[in-house]
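I opened this entry to look up charge pairs and the ligand site. My notes follow.

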Amino acid sequence: MDKRFIYADNAATTAVSKRVFNAMLPFFEERYGNPSSIYGIGQDALRAVEEARSKAAAALGCKANEVYFTGSGTESDNWAIRSAALKMSKEGKKHIITTAVEHHAVLHTCEYLAKSGFEVTQLPVDENGFITPGQVADAIRADTALVTVMYANNEIGTIMPIPEIAAVCRERGVLFHTDAVQAVGNVEINVAEQQIDMLSVSGHKLRAPKGVGALYIRNGVSLPAFILGGAQERSKRAGTENVPSIAGLGEAIAAACEDIQGKVKKVTPLRDKLIDGILKIESVRLNGGRANRLPGNVNASFLGVEGEALLLNLDLRGICASSGSACTTGSLDPSHVLLALGLPAEVAHGSLRLSLSEDTTEEDVDYILTALGEVIPKIRKMSPLWEDIVKNPKEYGSILELTMNN
Ligand SMILES: *Cc1c(COP(=O)(O)O)cnc(C)c1O
C-alpha cells in the first residue's frame, strides 16, 4: 500500500481555501490601516470589515448589525452565555438549560456559572446523542434565563432539532443560544426564520483562519459588552479588528453557504461508504445515528482497541484523524460525549472520529478502509482486553451487544 496523505480531521480544523486566502492577502501589506483611522487605507480596512459583516449576515439570514466579530468560536460561546446570564440575573432569572454533549466552550462556561450562583440543568441525550424539544419545554421554569443547545455535535455529528427547540424557547419567552460552529455550511440556517436569539460561528472550522469567530445577537436582545475598551464592534467587543481574518471569515462563510446542498450531495455518499465499510469490521459501534448526521462525520468505537494506538497507526499511514475530540486527546478520560451516550469506558476508549470535506475522494475512503482493516486486528492482537473478550465472551455480553455492528 503506497503511503498517502489524507486529512480526515476537518471537525478539528480545516485548511484555509485559496479563495479565502486571496481575500485576506491585501490586508497584510497594502491595505493594512486601522479601521478606526480616517485616511484611505484605514477606511479600506473598515470597508472590508463591514463587507465581511454583510456576507456573514446574508449567509445566516440576519441583518448586518446583528453580527459581531470575535476572536474564536469559544469566545462567541463565552460572550453569549456569560452576558445573557448577567443580563437575566438582574431580572432574578438564574437558571440555565444546556445539554450533556456540548463543546467544552459551553460546558465549562456553564460549570463556571453553576459555581457563581446559577443553577444549570444539563439535559441527558438518547443513545444516539439527541435531545427533544419536549425535554427543553419540560425543563423551562419561571426563572430560566437561557437555553443553550449546540446545532451540530463536533464529535458524533448529530444535528439537533434546533428550529423546534428555538420555537419552544421563543414561545416561553426564554433566550435561546446555539453553538453552530460545526453546523454552518453543512446545515441550512436562517436565524430569523428559525427563531434563534444568539448563534456562535468559528472561522477555522469553515476554511477561514484560526483565531476569528462571530456571534449573531438578535436586535432586541441587547447583550452587555464582553470586552471593554475602544468602540469597536459597536462598543460590545473592544480591540482593534483582526481585519485580514475577518475578511477571510466573511469570504469563507459566503463560500460555505453558497451551495450547502451540493456539499451534502457530494460528501454524504463518501461518509456512508466509510460507515458501511467500518461496520464490516468485527465488534464495532457507530456513534451517533444514521439520520440527522453531519455530511462529513464518522465516529465509531472499536472494542479492544486503544484510540491513541489507532491514531498513531493511522498517522504512520498518512491519515490524520481524531479520537473523540481533539480537546480530549492528551488526557486519558474518555470523551464526555461518548459517556453521555451511555457507552462504558472500555468502548468509549476505542473511538475514532473521521471528518471528511468536499476535498475527500472515493480513493481516500478506500485507502482509509484498507488501513483500518490492517490496523485494527494488529492492535487487537496486542490488547489484553481483546484477548480476554475472545476467551470469555459471556462476561462481556452487554458490551459485545453494544458493538454488534448496528
Ligand atoms: C471548534 C469548536 C468550538 C470552538 O471554536 P474555536 O474557534 O476553536 O474556539 C466550539 N464549539 C464547537 C462545536 C466546535 O467544534
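How many salt bridges does a search of the whole structure find? I got 22. I keep in mind that this is a predicted model.

**Salt bridges**

I looked up Arg4 and found a salt bridge with Asp364, with the closest N and O atoms 2.5 Å apart. The two are distant in the chain, 360 residues apart. Arg4 sits in the segment before β1, Asp364 in helix α14. I noted Arg4 as partly exposed because its relative accessibility is 33%. Asp364, at 11%, counts as buried.

Next I checked Arg141, which meets Glu119 in a salt bridge of 3.0 Å, N to O. Arg141 lies in the loop between α6 and β5 and Glu119 in strand β4, so the pair ties together parts 22 residues apart in sequence.

I then turned to helix α14 again. Its Asp366 pairs with Lys273 of helix α10, so parts 93 residues apart in sequence are tied together. The closest N and O atoms of this salt bridge are 2.9 Å apart. Lys273 is partly exposed at 27%, and Asp366 is partly exposed at 34%.

I also logged a network of salt bridges that links Arg19, Lys55, Glu251 and Glu258.

**Ligand site**

I counted 13 residues around the ligand. They divide into two nonpolar, eight polar and three charged. Helix α4 gives the most to this shell, with three residues.

Asp179 lies 2.6 Å from a ligand nitrogen. Gln182 lies 2.7 Å from a ligand oxygen. Ser202 has a side-chain N or O atom 2.7 Å from a ligand oxygen. The protein covers 89% of the 380 Å² of accessible area that the ligand has on its own.

Technical notes
Residues numbered from 1 in each chain as written. Predicted model: local features only at pLDDT ≥ 70, side-chain atom pairs only at ≥ 80, totals over all residues. Heavy atoms only, no water. Near = heavy atom within 4 Å. Polar contact = N/O pair within 3.5 Å; in protein donor to acceptor, adjacent residues only side chain to side chain. Areas by Shrake-Rupley, 256 points an atom, 1.4 Å probe, with all protein chains shown as cover. Helix = DSSP H or I, 4+ residues; strand = E, 2+ residues; numbered from the N terminus. Nonpolar A, V, L, I, M, F, W, Y, C, P; charged D, E, K, R; others polar. Salt bridge = Lys/Arg side-chain N within 4 Å of Asp/Glu carboxyl O. Buried < 20%, exposed > 50% of the residue type's maximum accessible area, 1.4 Å probe, protein only.
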